[in-house]
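Dear colleague,

I am passing on the structure below, together with some notes on what turned up when I went through it. Please read the notes with the model open beside you.

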Amino acid sequence: MLAQARETVPVPGALPGELRFQPKWDGYRALVFTPWPAPGPLLLQSRRGSLLHSRFPDLVAAAAHLPDGLVLDGELVVWAQGQMSFEVLQRRAASSGRTAARLAVVAPAHFIAFDLLQLDGQELLHVPYGERRARLEQLFADRGLGAPWTLCPETTDVVVAQEWLTSWTRVPGVEGLVIRGSDQRYRPGARALYKVRRRETTEAVIGAITGTVRRPRTLVLGRLDATGTLRLVARSTPLRPEVARDLADRLTPAQPDHSWEGVRFTTSWGSRTPLDVVLVEPELVAEIAVDTALERGLWRHPVRFARLRLDATVADVPPFGAGAEPASG
C-alpha cells in the first residue's frame, strides 16, 4: 500500500475514518515474514520483491523475539555514526557474506513497523487500520519487543503532527509525515495513503541543463566548494514552459574552462544511466525548494525550481555541503 504526495497536511475526512499521522522515514520499505507453519526462516522482502534477509543477519538473529505467522509492513533503516544513514543502508543492501556480517556489527539495522498484515497466520488486509494498529501495539507490549524491532510513533493530534513535520525532520532520516485513515483496509499497490515532505527554499548555481539552451527541460545545479570548484548538488524537476522560455533568454553556453567539462552525469542519485547535459556559464542563481534527503552535499530527490535570484551572485550562494541554508540577503 503506497502513498501519494501532498503539499499540505490533509483536513479531517480526507481519508476514511480518523486521520492517523506517522513520521515518514528515509529508508527501504520492506515486509517481514515469519514462518507459518514453523519452523522456517525469517524473510525480509523489499517493496520491489527482492529478498534481503541474507544482507541483514542482525534482523534474522532477532527473529526469535517474533511470533510465527507474522507479517509486518514497515521501514528498514540503518544506524551509523550516531544517526540514520541512507548511504550506509544502500551499502548493507548490496552486501553479502562476511561483509554483511561485519556491517551488521558496525551499522546495525532497525525495522520500524507501522502496519500489521498477518498475525498468528491470520491475514488482516480486510481489517480496518485502527484495529490493525491496536493489534500491532499489543504485539509489541505482549512480546516486550525492542531494538531492532521498533514501533512507529503515531498521533491523531494534527498540532503534534505539524510539530513533527517541522522539528523531527531536522533529524537525518526523517522526511515528513505519512497519513492514514483509521477505517482504511489494506490495499496492496494502491496509492491510498498521503505523504507530506518537509521542504525548504535555498539557492544553487545553474551549471548545466538538459534539453537545449533555447529549450531547457531541467536544471543541473551546483555549489562552490572550498577550492572554488563547482560541485553537483541537485537536478530539478521538469521546468514549466514559461520558466523555460524565460531561462532561454538568460542562459549562456559554457566556455571551455567549465568545472564540469568531461564530468559524467547520471539520470538520478545512485543510478548508472548516463544523462546528456549541456553545460552553461555558472552565473545564474536559482532559488529551489528541497526536501531533507541530503547525502554528502547532494539532494537525492529532484528539487523544484522556484525562481531566478537576479539579486544574488554566485558568491552569495551557500557553499557546497551547507544544506538548505538560504543565500545571504
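Helices (H or I, at least four residues) and strands (E, at least two) are DSSP runs, numbered from the N terminus. The model is a predicted one, in which local features need pLDDT of at least 70 and side-chain atom pairs count only at pLDDT 80 or more, whereas totals for chains, interfaces and linings use all residues. Residues are numbered from 1 along each chain as its sequence is written, and side-chain values use heavy atoms, with hydrogens and water left out.

I begin with the sheet. Its four strands form an open sheet of mixed pairing in the order E1-E11-E10-E2, where two strands pair if DSSP finds at least two bridges between them. E1 and E2 are the edge strands, each pairing on one side only, and neighbouring strands are turned by 35° against each other on average, direction ignored. (Axes are lines fitted to C-alpha atoms, for helices over the stretch in contact, and angles run from 0 to 180 degrees between N-to-C directions; contact means heavy atoms within 4.5 Å.) E10 and E11 run antiparallel and are joined by four bridges, and Leu 177 stands opposite Val 196 in E11. Helix H4 (residues 129-143) packs on this sheet, touching E2 and E10, with its direction at about 60° to that of E2, while helix H5 (residues 158-167) touches E2, E10 and E11 and makes about 10° with E2.

Next comes the largest pocket. Strands E1 (2-6), E2 (19-25), E3 (28-33), E10 (174-181) and E11 (191-197), along with helix H2 (86-93), each supply at least two residues of its lining. The lining comprises 29 residues, of which Gly 27, Tyr 28, Arg 29, Arg 47 and Glu 75 lie nearest the centre of the pocket.

Some backbone details also deserve a look. Most residues other than glycine have a negative phi, and most peptide bonds are trans. A cis peptide bond joins Ala 38 and Pro 39, with omega about 0°, and Pro 39 is found in the loop between E3 and strand E4 (43-46). Another cis peptide bond, with omega about 10°, joins Ala 147 and Pro 148, the latter placed in the loop between H4 and strand E9 (149-151). Asp 120, which is not a glycine, has a positive phi of about 55° and is found in the loop between strand E7 (109-119) and strand E8 (122-123).

With best wishes

How values were computed. 1 Å grid on protein atoms, 1.4 Å probe; cavity = no way out; pocket = protein on both sides within 12 Å on 5 of 7 lines; lining within 4 Å.
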